[in-house]
Amino acid sequence: MNEKIRMAVIDDEPQVGDRLKQVFRRTGFEIETFLAGIPALKRMEERPFHLVLTDIRLPDLDGLEVLKRIKKSHPHTEVILITGYATLDQAVEAMKKGAFYYLAKPFTPDQVRAVVKRAEEHIRISSENKMLRAEVAKNIRQEGIVGISSKI
């Protein structure tokens, strides 16, 4: 995967999006910020993101609903949920619904960098895996029956 990682930050506090843009300014990510979930989901239909960081409490949808909708339409997009109101039950629910990580506010730049770096590695490995599987499938010709039995 040689393209830039496209990241969306969804948080109703504009300073969170601005701060995260600063943190990842030099990483080569392409970052868009949104103050609500619906505009981010609409943008995602136009041009999907590889990675989404979303607050759980948003003015229009909650972050778990954003996660659910993203995973339904873009299952390979990684979603990191961020919240100032972390609970164990909510974290477990988020992971069951496919969240990559659940990050409690306040977080340091180093904490968010580490989580995003792991997500980026996962995205790149998944992309390479998908590409290699397609290449192998293209090069394998199955003719006849393949088996180990001496009768075959």
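Reader: Which residues does Thr83 touch, not counting residues up to four places away in sequence?

Author: Contact here means heavy atoms within 4.5 Å. Setting aside residues up to four places away in sequence, Thr83 touches Asp55, Ile56, Gln90, Tyr102, Leu103, Ala104 and Lys105. This is a predicted model, where local features need pLDDT of at least 70 and side-chain atom pairs pLDDT 80 or more, while totals for chains, interfaces and linings use all residues. Residues are numbered from 1 along each chain as its sequence is written, and side-chain values use heavy atoms, with hydrogens and water left out.

Reader: Where is Thr83 placed, and is Thr83 buried or exposed?

Author: Helices (H or I, at least four residues) and strands (E, at least two) are DSSP runs, numbered from the N terminus. Thr83 belongs to strand 4, residues 78-83. For exposure, buried means under 20% relative accessible area, exposed over 50%, and partly exposed in between (1.4 Å probe, protein chains only). Thr83 counts as buried because its relative accessible area is 1%.

Reader: What about Leu88: buried or exposed?

Author: Leu88 is exposed, because its relative accessible area is 66%. You will find Leu88 in helix 4, residues 88-96. From Leu88 to Asp12, 76 residues apart in sequence, the C-alpha distance is 23 Å.

Reader: And what does Met7 contact, leaving aside its neighbours within four places in sequence?

Author: With those neighbours within four places left out, the partners of Met7 include Phe24, Phe29, Phe49, Leu51, Leu53 and Val116. Met7 lies in strand 1, residues 6-10, and is buried, with a relative accessible area of 0%. Ala137, 130 residues away along the chain, has its C-alpha 30 Å from that of Met7.

Reader: How many aromatic pairs are there?

Author: A pair of aromatic rings is described by the distance of the centres and the angle of the planes. Rings of Phe, Tyr and Trp (its six-membered ring) pair if their centres lie within 6.5 Å; planes under 30 degrees apart count as stacked, over 60 as edge-to-face and the rest as tilted. The count here is two aromatic pairs. Phe24 and Phe29 are stacked, at 5.7 Å centre to centre with 20° between the planes, and both residues are buried. Phe34 and Phe49 have ring centres 6.0 Å apart and planes at 80°, so this pair is edge-to-face. It links distant parts of the chain, 15 residues apart: Phe34 in strand 2 (residues 30-34) and Phe49 in the loop between helix 2 (37-46) and strand 3 (51-55). Phe34 and Phe49 are both buried too.

Reader: Which peptide bond is cis?

Author: Most residues other than glycine have a negative phi, and most peptide bonds are trans. Here, the bond from Lys105 to Pro106 is cis, with omega near -5°. Pro106 sits in the loop between strand 5 (101-104) and helix 5.

Reader: Which residues lie nearest the centre of the largest pocket?

Author: Rolling a probe the size of a water molecule over the atoms shows where empty space is left. On a 1 Å grid over the protein atoms alone, a pocket is an open set of points where a 1.4 Å probe fits, with protein on both sides within 12 Å along at least five of seven lines; lining residues have an atom within 4 Å of a point. The largest pocket is lined by 15 residues, and His50, His76, Ile123, Ser127 and Lys130 lie nearest its centre. Helix 5 (residues 109-139) gives the largest share of that lining, five residues. His76 is in the loop between helix 3 (63-73) and strand 4, and counts as exposed because its relative accessibility is 61%. His76 and Phe49 are 27 residues apart in sequence and 9.5 Å apart, C-alpha to C-alpha.
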